[in-house]
Amino acid sequence: MKKILVTGAGGYIGSVLVPKLLSNNYEVVAVDRFFFGDDKSVQNKNLQVIKDDSRKLTKAAFKDIDAVIDLVAISNDPSAELFKRQTIEINAESRIHTATLAKECGVRQYILPSSASIYGYHAEILDETNPTNPLTVYAKANEQAELGVLLLADEKFTVTVVRQATIYGLSPRMRFYLAVNGMTYGCYTNKKLPLMRDGSQYRPMLHIQDTTDMFCLLLETDPSKINNEIFNVGSAHHNFQIKDLATEIVTLVSDFMQEKIEIEWYGDPDIRSYRLSFDKIETTLGWKAKHTIKDGVIEILDALKSGTLQKDDSTITLEWYQQLVEWHKRIKEIEKYGGILDIE
Ligand SMILES: NC(=O)c1ccc[n+]([C@@H]2O[C@H](COP(=O)([O-])OP(=O)(O)OC[C@H]3O[C@@H](n4cnc5c(N)ncnc54)[C@H](O)[C@@H]3O)[C@@H](O)[C@H]2O)c1
């Protein structure tokens, strides 16, 4: 039984990936601060949880580990702009440190879940050989991490970078700020689809079940195909212009709810726009994304309708981190004798 260490295991992707790894007969060591709560975590005899900061990991965490999937991150542009230093520390430096420790401890494989946003703005369709153009702190930290971890690749340590498209679909730790998820929620609750200006920007999309399947596939792939390699992960027919994505979601939700949905514009024009080629992952690994926008939208609508999914503050990453920092400040100001109303 292979043992996989997953950082950021309690996040949007990690909360889907960890149960999938367990059901595929892996042992999992889940590392996370659980900023978004650990109430969604599964209980399993093959799951060990390390509730710690990725910046403080030591060699002890890597005992008997076969592979690392390093999901940990401050995971979007607005949060990274607000917490710049921490984003470089967590998304870049801690991941290079984790890969270094893993290699020193004899771990055989390391996977860096990077982001397609590293391409920033490009008019043409890009593959992995095109230059990157990171425009934000989040994208720059991913680039720094990519360069750092790839330097560690050798015949005993397989390193793979995956540049994921923007993810959509249902997860126990939901993120409603992501394009498809946010549009679907806006339509369902307000009958208005929030659309970021000016809608002409291209953005590739990828279902959460597809990206987690891809991680599982990498764990079983011959190292010679993936060592020291970068893969764009997504699919050619999911290279959306945001306004076309919005039109598709408006139609899907209107049909589902039998109600008219309007577009509600927001924000300044988005400076990021990129379309990607996904030929490399298809030809090298025979991997293709299987899920559609319709799959993601309908599963979210079903969950909202049945009441199993709600939007709370923790589903909007930036607002949640801001709130945690503010509460921490207030609690420190008023805490006495180890408590607030109860004291020790
Ligand atoms: N979701 C997407 O659309 C998308 C697209 C491309 C790439 N990615 C990348 O995939 C990875 C996972 O994304 P996600 O959507 O699951 O993000 P997420 O924000 O939902 O999860 C990140 C997890 O990391 C944890 N964390 C943050 N800082 C930590 C620290 N210092 N120590 C320990 N734990 C810490 C958080 O508690 C959270 O559970 C990230 O690297 C992200 O950049 C995501």
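Of the 28 residues around the ligand in this predicted model, Gly 8, Gly 11, Tyr 12, Ala 73 and Ser 75 come nearest, a residue being near a molecule if its C-beta atom, placed from the backbone, lies within 6 Å of it. The elements contributing two or more residues to this shell are β5 (109–115) and β8. Helices (H or I, at least four residues) and strands (E, at least two) are DSSP runs, numbered from the N terminus. By class, the shell comprises twelve nonpolar, ten polar and six charged residues; Ala, Val, Leu, Ile, Met, Phe, Trp, Tyr, Cys and Pro count as nonpolar, Asp, Glu, Lys and Arg as charged, and the others, Gly among them, as polar. Residues are numbered from 1 along each chain as its sequence is written. Because the model is predicted, local features need pLDDT of at least 70 and side-chain atom pairs count only at pLDDT 80 or more, whereas totals for chains, interfaces and linings use all residues.

Strand β8 also belongs to an open sheet of three strands, ordered β8-β10-β12 with mixed pairing; two strands pair if DSSP finds at least two bridges between them. The edges are formed by β8 (166–168) and β12 (239–241), each with a single partner strand, so one side of each is left without a neighbour in the sheet. Neighbouring strands of this sheet are turned by 45° against each other on average, direction ignored. The pairing of β8 with β10 (residues 202–207) is parallel and extends over three bridges. Ile 167 stands opposite Leu 206 in β10. Helix α6 (residues 208–219) packs on the sheet, touching β8 and β10, and its direction makes about 70° with that of β10.

A helix pair was also examined. The axes of α5 (residues 179–190) and α10 (residues 293–306) come within 10 Å and cross at roughly 45°. This makes α5 oblique to α10, as angles under 35 degrees count as roughly parallel, over 145 as roughly antiparallel, 65 to 115 as roughly perpendicular and the rest as oblique. Axes are lines fitted to C-alpha atoms, for helices over the stretch in contact, with angles running from 0 to 180 degrees between N-to-C directions. The contact involves Val 180, Asn 181, Thr 184 and Tyr 188 of α5 and Ile 293, Gly 296, Val 297, Ile 300, Leu 301 and Leu 304 of α10, residues being in contact if their C-beta atoms, placed from the backbone, lie within 7 Å. The contact residues divide into seven nonpolar, three polar and no charged.

Terms used. Contact = placed C-beta atoms within 7 Å.
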